[in-house]
Amino acid sequence: MKELKGKGVSAGIAIGPIRFYRKEEVTVKREHVEDTDAELARLEKAKEKTLEQLGNLYEKARKEVGDASAQIFEVHQMMVEDDDYQESIHNIISAQKLNAEYAVATTADNFADMFASMDDAYMKERAADVRDVSERLLRNLQNKSDGGIDTDEKYILCADDLAPSETVQMDKTNVLAFCTRYGASNSHTAILARTMSLPAIIGLGEALTEDMEGKQAIIDGRTGVLFLEPDEQTRAQKQKEYEDELKHRELLQELKGQDNVTPYGQSINVYANIGGLNDIGAVLANDARGIGLFRSEFLYLENSDYPDEEQQFQCYKKVLERMAGKKVIIRTMDIGADKQIDYFNLDKEDNPALGYRAIRICLTRPEIFKTQLRALYRASYFGSLGIMFPMIISLEEVREIKQIVASVKKELDEENIPYSDDVELGIMIETPAAAMVSDQLAPEVDFFSVGTNDLTQYTLALDRQNPHLDRFLDTHHPALLRLIQFAADNAHKHGAWIGICGELGGDLELTDTFLAMGIDELSVSPNRVLPLRERIRSVQKEEVEAIKSSYKIG
């Protein structure tokens, strides 16, 4: 038996033979052409075929993995038609009189390098998309097939890396799991694997060799380990874990409709975090009782210009209507840091995580802020809305926000536009400053929501985007937990409620700690709702009592 260690990006166990994903190789040569019009016509034909394929992939993905995951193929269609991308290809063909394949390949390299060099993690990921789109265009220019695996047996699919188009277009009936030599945790392949509930391991490196073709293997997506030709003891152990996993999934379904309450009677709300309208289906399917974080910045990220009031209103209205009276908390735009948008014209910063972002943009560009607030208040008429503001550090900021909110409500009154009088206003506790002055902030708001991702980063002075710092990252650090406890105590002292919407909300090892702190709400990704409910319903009073006062300040 041989063990290969990578990084698990989608939990689960799979047992079966290894099959490598192979595709017909595309070779690109630099060739001089005289008839550039004919070459441009070839390009146009390949472009039309590419757009047709991407359209089909979108429909296939929408049926298999939902609207949110399918959107990548709409992005790919936009990339193919992007003016700058096409202009670069056309110029190389027309001005340099070179063949279409060379023009596409050169443009792909230039654009991918440009994206890869950006600081923003989201934009870095676009480099892989450009290469995927360009390779499809090249295949259509050369009439090459996409490749795949031709077998009727179930298998563990292995590859250097898998583009989202490859994972969607293949027949996944027989795919047990994904394993790749390379790839990233937040790549589309990893996201698709999680959406399809298939185990996946990335980063196995050169240890994953093609002479393993057909050999039996076990992958454990929780630990990131691939067991090649496992011995009988390992096989028996992993088979039992696999069967236990299936039983557990079935039991979780029985928790739908159940209360989020401990055996000793302590209740806590369990809500869901989402990034857009397409995630609402997952919220409802997993029986979340509300939305604790709607990331409104994705409206801005998906636009080529500032979304206007009407576009935002229609989006917020739809989410409130679809949630049918359940609480929906929408965070005002958290632009900046790792979410850069060209049309905002933000200056390059040496330390963007500590820079011009979130509420700092809103308070210095009030016209953008007021547009969003008007849309939010108009939508509030159609459901139960809470609005929360990110990256707060001072009482003065909160009071300035409330003044702007008052002016927006006054405008709507003067225009006879209806809105709800019951909109809750809250702030995110994601800076140590906000936590330490939470006694001043709590009387000004209805709720706190702890953004543990940023609060961890700022408290521990660790860049959460830097993989070299993983060994120093302690998400259970007592300093972090003390700040959360301090904020919770101050919230309750002044009549506000407090929730957690960062990654730690779904950390089952901390559920009893959050109950001991008196946290009122946990907001997690939709697929974590039922496991969290299960944990809450099993927490014993003795466990909670033993933790109380552990993280008190003073």
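The model is predicted: local features need pLDDT of at least 70, side-chain atom pairs count only at pLDDT 80 or more, and totals for chains, interfaces and linings use all residues. Residues are numbered from 1 along each chain as its sequence is written, and side-chain values use heavy atoms, with hydrogens and water left out.

Two packed helices are described by the angle between their axes and the distance between the axes. Helix α3 spans residues 83-96 and helix α4 residues 100-116. Helices are DSSP runs (H or I, at least four residues), as are strands (E, at least two), numbered from the N terminus. The axes of α3 and α4 lie 9 Å apart, at an angle of about 135°. Axes are lines fitted to C-alpha atoms over the stretch in contact, and angles run from 0 to 180 degrees between N-to-C directions. The two helices are therefore oblique to each other (under 35 degrees is roughly parallel, over 145 roughly antiparallel, 65 to 115 roughly perpendicular, the rest oblique). Residues in contact (heavy atoms within 4.5 Å) include I89 and I92 of α3 and V104 and F111 of α4.

D129 sits in helix α5, residues 121-141. Its relative accessibility is 1%, so D129 counts as buried. Buried means under 20% relative accessible area, exposed over 50%, and partly exposed in between (1.4 Å probe, protein chains only).

D446 lies in the loop between α16 (438-441) and β14 (447-450). D446 is partly exposed, at 34% relative accessible area. Beyond neighbours within four places in sequence, D446 contacts V423, E424, L425, A496 and W497.
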